[in-house]
Amino acid sequence: IGYGTFRMKDPEVAYKGVSQALELGYRHLDTAAIYDNEEAVGRAIKDANIAREELFITTKVWNSDQGYDQTLKAFETSLQKLGLDYVDLYLIHWPKSTMKETYRAIERLYDEKLIRVPGVSNFHRHHLDELFTSCNVVPMVNQIEVHPSLAQMDLRAYCTQHEIAVTAWAPLGTGIVFTHPIIKRLAAKYGKTPAQIILRWQLEVGNIAIPKSVTLERLEENL
């Protein structure tokens, strides 16, 4: 279970959320250039004073920064904002026509040990197939929307076939999922909240999940 920071543009909200998450025991943090909160996330990491090797930090290159040289420059900007020497996981945020050049830059960052894991986000099978024709290192992660009402079974199976880990963004889905009779029945049976049931499902099917919340009680509940 990681901690997502999507829609946390207010720096103080992002700082407080990440700080609380780290204090509770979260060690995987997910941000992106387009979230406009990398500096706040970096400040929270620094102030938490946790050994760097205990943390797993993800960020992403945005669409307007795609391309070989642009990606290298965007990565350097993200690294500076985060205040880190390296990033654990660097993702292409969305597939674009420039994704091959973008991924080639990510492979260079991987070779230079500036990132530990190269990956992609929101890639469907045909995007992966296209990338496979030119990449030297298969993406190790594909971050996609996955929850019980959007199970993505075929895509997840394809990722598993190619040893690509799946990270679920929006892992709790929408509020509609919470009121589904099966979810409600399971929550009652096990004495858990609907969110906990859904996150347990994510783990059971082998997904990494990055729920987002700025409420302390929900942060605790999700973990």
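These legends go with close-up views of a predicted model.

**View 1**
Eight strands line up in an open sheet, and the order is simply E1-E2-E3-E4-E5-E6-E7-E8, with parallel pairing. The edges are strand E1 (3-4) and strand E8 (208-209), each of which pairs on one side only. Helix H4 (residues 99-111) packs on this sheet and touches strand E3 (56-61), strand E4 (87-92) and strand E5 (115-121). The direction of H4 makes about 165 degrees with that of E5.

**View 1. Strands E6 and E7 side by side.**
Here we zoom in on E6 (residues 141-145) and E7 (residues 165-169), which pair in the parallel sense over five bridges. Which residue in E7 is the bridge partner of Gln-143? That would be Thr-167. As a reminder, strands of a sheet pair through backbone hydrogen bonds, either parallel or antiparallel.

Arg-52, Asp-88 and Arg-116 are linked in a network of salt bridges. Within it, Asp-88 and Arg-116 have their closest N and O atoms 2.7 Å apart. This pair links distant parts of the chain, with Asp-88 in strand E4 and Arg-116 in strand E5, 28 residues apart. Is Asp-88 buried or exposed? Asp-88 is buried, because its relative accessible area is 0%. Arg-116, on the other hand, has 48% and so is partly exposed.

**View 2. Arg-108 and Glu-112.**
Another salt bridge joins Glu-112 to Arg-108, with the closest N and O atoms 3.0 Å apart. Both ends can be checked for cover: Glu-112 is partly exposed at a relative accessible area of 42%, and Arg-108 is partly exposed at 36%.

**View 3. Arg-200 and Glu-204 along helix H9.**
The side chains of Arg-200 and Glu-204 meet in a salt bridge, 3.5 Å from N to O. The two residues are four apart in H9 (residues 194-204), so about one helical turn separates them. Arg-200 is partly exposed, with a relative accessible area of 47%, while Glu-204 counts as exposed at 59%. How many salt bridges does the count come to? The count comes to seven.

Ile-182, Leu-186 and Tyr-190 make a nonpolar surface patch of about 280 Å². Leu-186 lies in helix H8 (residues 181-190). Leu-186 counts as partly exposed because its relative accessibility is 30%, and partly exposed covers the range between the buried cut-off of under 20% and the exposed one of over 50%.

Key:
Residues numbered from 1 in each chain as written. Predicted model: local features only at pLDDT ≥ 70, side-chain atom pairs only at ≥ 80, totals over all residues. Heavy atoms only, no water. Pairing = 2+ DSSP bridges. Contact = heavy atoms within 4.5 Å. Axes fitted to C-alpha atoms, helices over the stretch in contact; angles between N-to-C directions. Patch = residues over 30% accessible without salt bridge, like charges linked within 9 Å, V, L, I, M, F, W, Y side chains within 5 Å. Areas by Shrake-Rupley, 256 points an atom, 1.4 Å probe, with all protein chains shown as cover. Salt bridge = Lys/Arg side-chain N within 4 Å of Asp/Glu carboxyl O. Buried < 20%, exposed > 50% of the residue type's maximum accessible area, 1.4 Å probe, protein only.
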